[in-house]
Amino acid sequence: MAKTIFLPFPMFALLVIFGAILSVNSLNITADQLNLLALKSYISHDPHLLVTNWSTSTSVCNWIGVTCGSRHHRAIALNLSNMDLTGIIPSQLGNLSFLAWLDIHNNNFHGSLPIELTNLHRLKYLNFNNNSFNGEVPSWFGYFPKLQSLSLSDNYFNGVVPSILGSVPSSIFNIFPLQ
């Protein structure tokens, strides 16, 4: 005859809470993974760095260029600098809500920057140097409350430096005046 095992309520509650924590962390990694895979899908030239490494069979925390935090196991840094990548930045990148470091300098990313990047409220470091971004320098760069470093030079921005960024010389951004 089968025995029924009853767990004391505190033990049962701990198991439920632990299972919920594991489930939430799994969902967050899945969300980060989906958003990074969206970025990968917008890359038109990749010398096999991300193609072979960024895969659903590998944890996002083990992907090239991705660093995850030890507490929440979420993507906190993305460093794709000097990887000879070509593509555009998709709006989904703005969904990496734990991201504090974003460095994609020395590649060939182009187009305009999606406004969804304003969702990156934890962002402290942003380096878009030496790409081919164009359009006006977005005024929303002033909406990053924790931003300590912003590098935009050697792109094709035009217009004026938004006043919200303060008295930064436009030469830092390589901004060409509107004609």
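**Briefing: predicted model with an annotated N-terminal domain**

An unreviewed UniProt entry annotates residues 32-68 as "domain: Leucine-rich repeat-containing N-terminal plant-type". UniProt positions follow the numbering used here, feature names are shortened, and annotations may be inferred rather than shown by experiment. This is a predicted model, in which local features need pLDDT of at least 70, side-chain atom pairs count only at pLDDT 80 or more, and totals for chains, interfaces and linings use all residues. Residues are numbered from 1 along each chain as its sequence is written, and side-chain values use heavy atoms, with hydrogens and water left out.

**Confidence**

- The protein chain has an average pLDDT of 81 (the predictor's confidence in each residue, from 0 to 100). A score of at least 70 is reached by 74% of the residues.
- Residues 11-27 have pLDDT below 50, and this stretch makes 4 contacts (heavy atoms within 4.5 Å) beyond near neighbours in sequence.
- Residues 174-179 also stay under 50, with 20 contacts beyond four places in sequence.
- Where pLDDT is low, the predicted coordinates should not be read in detail.

**Annotated stretch**

- Residues 32-68 are 41% helix and 16% strand. Helices (H or I, at least four residues) and strands (E, at least two) are DSSP runs, numbered from the N terminus.
- The end C-alpha atoms of this stretch lie 10 Å apart.

**Salt bridge**

- The whole structure has 1 salt bridge (a side-chain nitrogen of Lys or Arg within 4 Å of a carboxyl oxygen of Asp or Glu).
- Arg74 and Asp32 form a salt bridge at 2.9 Å, N to O.
- Arg74 sits in the loop between strand 2 (66-68) and strand 3 (75-79), and Asp32 in helix 1 (residues 9-41), so the pair ties together parts 42 residues apart in sequence.
- Arg74 is buried at 6% relative accessible area. Asp32 is buried too, at 1%. Buried means under 20% relative accessible area, exposed over 50%, partly exposed in between (1.4 Å probe, protein chains only).

**Nonpolar core**

- The largest nonpolar core has 34 residues. Such a core is a set of buried Ala, Val, Leu, Ile, Met, Phe, Trp, Tyr and Cys residues joined through side-chain atoms within 4.5 Å.
- Helix 1, strand 2 and strand 3 each give two or more residues to this core.
- Residues with the most contacts inside the core include Leu39, Trp54, Val66 and Phe128.
- Beyond four places in sequence, Val66 touches residues including Leu36, Trp54, Val60 and Leu78.

**Aromatic pairs**

- The structure holds 4 aromatic pairs. Rings of Phe, Tyr and Trp (its six-membered ring) pair if their centres lie within 6.5 Å; planes under 30 degrees apart count as stacked, over 60 as edge-to-face and the rest as tilted.
- Phe128 and Phe133 form a tilted pair, 5.3 Å centre to centre with 40 degrees between the planes. Both are buried.
- Trp140 and Phe144 have ring centres 6.3 Å apart and planes at 85 degrees, so this pair is edge-to-face.
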